[in-house]
Amino acid sequence: MLQSDESLDAVVRISVGRHVSAAATEYARDKIAWALRYASEPVLAVRVRIVGHADPAIIDPIVAQANVNTAGVSVRVQVTAATTREAIDALAERLRVRLERLSRRWEAQRGGDHLPTDSASWHHGATPRPRLPYFPRPIEEREVLRRKSFALARETCDEAAFDMSLLDYDFHLFTESGSDVDSVLYRSGPTGLRLAQLDPRPDQVSPGAVPVSISSARPPVLGVEAAVDRLEVTGWPFVFFRDMERGRGRVLYHRYDGHYGLLTPAAL
């Protein structure tokens, strides 16, 4: 919810990298402003980043990402496309969908319900989002560029699925509320969503409306270097593992730029 163009200028920050059309900034501002009209709560901050890769081997070299803070809730969307204009159009449309979904959730909560009806089946009937291809950086050049430590949300799989959808992630690290165990919810398995836990406790997982299959496998105990090796050998988009020092669940994943990101629960 924005009151005026002045409000938009005050909260929206757009950055454009190399290999991106010079007209991208103004076009992105107009399209993002359109999408923000679907936010039912005040928009506090918007960060848009558009970057391109010059490598001709990449089919969709433009990566566009938007991070929106609306009433203290984060909404994140990320897309790839062949051209800058296509990327911005897709980004704005995906942001609109996320904001509408969040608005329905708030309306349901005000009415005493838990989640909006479609949140329990958000992954059904929708066009599958192609996995974001990361930049094919040579393995010897890859580094852990982002290390994020945060307090894990204690929530149900329904809530984790909703958050994962809002943040446009393929996985979500959280503490499952029924079992009180570090867990990762990710897109896979016969139901479309699968849960991996540091200490698998399927009987204690809180029941919900979202169909979730639960892995019985325990994640390996690894250091960061060993996790990198496992990520490269398996070709998976991420590796969930137990920290050797603290015994907590961590996630190492491929960033869009070909480097790695590391998620770690904050120390208690």
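E232 counts as partly exposed, at 23% relative accessibility, where buried means under 20% relative accessible area, exposed means over 50%, and partly exposed lies in between (1.4 Å probe, protein chains only). This is a predicted model, in which local features need pLDDT of at least 70 and side-chain atom pairs count only at pLDDT 80 or more, while totals for chains, interfaces and linings use all residues. Residues are numbered from 1 along each chain as its sequence is written, and side-chain values use heavy atoms, with hydrogens and water left out.

The partner of E232 is R142, with which E232 forms a salt bridge whose closest N and O atoms are 2.6 Å apart; a salt bridge is a side-chain nitrogen of Lys or Arg within 4 Å of a carboxyl oxygen of Asp or Glu. R142 lies in the loop between α3 and β5 (144-150) and E232 in helix α5 (residues 224-234), so the pair ties together parts that are 90 residues apart in sequence. Helices (H or I, at least four residues) and strands (E, at least two) are DSSP runs, numbered from the N terminus. R142 is buried, with a relative accessible area of 14%.

A search of the whole structure finds 13 salt bridges. One of them joins K31 and D89, with the closest N and O atoms 3.7 Å apart, and this pair links distant parts of the chain, since K31 sits in helix α2 (residues 24-36) and D89 in helix α3 (residues 84-110), 58 residues apart. Another salt bridge, between R96 and E93, has its closest N and O atoms 2.4 Å apart, and both residues lie in helix α3, three residues apart, about one turn of the helix. R96 is buried, with a relative accessible area of 16%, whereas E93 is partly exposed at 32%. Salt bridges that share partners join E93, R96 and E100 into one network.

We now turn to the nonpolar residues. The largest nonpolar core has 35 residues, and those with the most contacts inside it are L36, V46, V48, I50, L91 and L95; such a core is a set of buried Ala, Val, Leu, Ile, Met, Phe, Trp, Tyr and Cys residues joined through side-chain atoms within 4.5 Å. The largest share of this core, eight residues, comes from α3. A second, separate core of 13 residues includes Y186, A196, L198 and L263.
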